[in-house]
Amino acid sequence: MGRMKKIFRDYWLIVLTGLVIGAAAVALTALGNPKNMGFCIACFLRDGAGALGLHSAAVVQYVRPEIIGLVLGSMIIAMIKREWRPMGGSSPMTRFILGVIVMVGALIFLGCPLRMVIRIGGGDLNALVGLAGFVVGILIGVLPLKKGFTLKRAYRQSRVEGLIFPIILVIMCLAWLIKPDLFNSSTEGPGSMRANYFIALGIAIIVGALCQRSRLCMAGGVRDAVMFKDFRLISGFIAIIVAVLLGNLIVSGGVAFGFAEQPIAHSDGLFNFLGMVMVGWGSVLLGGCPLRQLILAGEGNSDSAITVAGFVTGAAISHNFGLASSGTGIGAGPVVAAVIVGVVALGLISIFNIAKGEQ
């Protein structure tokens, strides 16, 4: 009985967070967001980059309230719980480059780790190939961690430094609401598919608060299972899949399992795999997946805010240079070269940031 109580105490919040995220993804899809993309950090940051004119792909441009809500939810609950601590200075440029690499990999696959599990729950078997790549990437990233990999310590910073990123997002939100024509906005394609702005914002604030309390992280779940035999975070991973699967069965009446004709997905198994290898490896080195980086940025971590800037830059690079995939396949640009450069860069970062004396 005592063991069961301990398991419940350790797992309940993480599982609850996963179930809420899965339910939120299904609800946001029913309310207008793209199918199998109720929540996707990579896709939504990509849309935001397009809204700011950083890329010209007209079908993926929109100031997504989900991104703003996740950060605000994290910030609000962190302040209430006195866990809001402005920190930074831990290899910011390296983190920026890692952010670019992770985003390039995510847009080759067409989704972040969060969308990967949402796609699995929606019946997209291509996402299982992505999951295999994600796990392999994490396993590769764990090797330098065991050898003493570090991006060095972060330092306390001013309150202003911790508030800059959330303030920028709030300004973007208000500017879009007051004068939406300041931004590019898709009239067709995934960027034009959107839930009600205020409902999406409210749902994301709740999810952001839960993620801050539970520390849910897609990459962290696999990393902790491998390194410490700790399966708490990975239970949230599983809960999302279960909630999305059940939600789709309830809302849509069924789930279409298969590889072909899945929404906003392609069936090039090699690049689905390699894209998520980049995402898994880079996320481990960063200390968290894209979702976790947004939550940490809400807690006042300027290093995570810089990483998010790397994500946005990676999205712009991906679309401006033809690296981003589409539903018809991989991009027309130098995708093979991008994967090679990304993997080599990850390898060099892994090697050169192993602390001396720990090899």
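A nonpolar core is a set of buried Ala, Val, Leu, Ile, Met, Phe, Trp, Tyr and Cys residues joined through side-chain atoms within 4.5 Å; buried means under 20% relative accessible area, with a 1.4 Å probe and protein chains only. Helices here are DSSP runs (H or I, at least four residues), numbered from the N terminus.

The structure on screen is a predicted model, in which local features need pLDDT of at least 70 and side-chain atom pairs count only at pLDDT 80 or more, while totals for chains, interfaces and linings use all residues. Residues are numbered from 1 along each chain as its sequence is written, and side-chain values use heavy atoms, with hydrogens and water left out.

Next, centre the view on Met116. Leaving aside residues up to four places away in sequence, Met116 touches Phe109, Ala127, Gly130, Leu131, Phe134, Phe237 and Met276, where contact means heavy atoms within 4.5 Å.

Is Thr307 buried or exposed? Thr307 counts as buried because its relative accessibility is 0%. Show also Arg95, Gly99, Leu286 and Gln293, which Thr307 touches when residues up to four places away in sequence are not counted. Arg95 and Thr307 are 212 residues apart along the chain, yet their C-alpha atoms are separated by 5.4 Å.

On a 1 Å grid over the protein atoms alone, a pocket is an open set of points with protein on both sides within 12 Å along at least five of seven lines, whereas a cavity is a set where a 1.4 Å probe fits but cannot get out; lining residues have an atom within 4 Å of a point.

The largest pocket has a volume of about 460 Å³. Select Phe165, Ile168, Leu169, Val308 and Val312, the closest to its centre of the 26 lining residues. Helices α2 (41-51), α3 (65-80), α7 (159-178) and α13 (302-320) each give at least two residues to this lining.

Finally, where is the largest cavity? Select Ala25, Val26, Thr29, Lys35, Asn36, Gly38, Ile118, Val244 and Asn248, which line the largest cavity. The elements giving two or more residues to this lining are α1 (2-30) and α10 (232-252). About 60 Å³ of space lies within the largest cavity.

Note on methods
Grid points are joined across faces, edges and corners, and a volume is the space filled by probe spheres set on the points. Buried means under 20% relative accessible area, exposed over 50%, partly exposed in between (1.4 Å probe, protein chains only).
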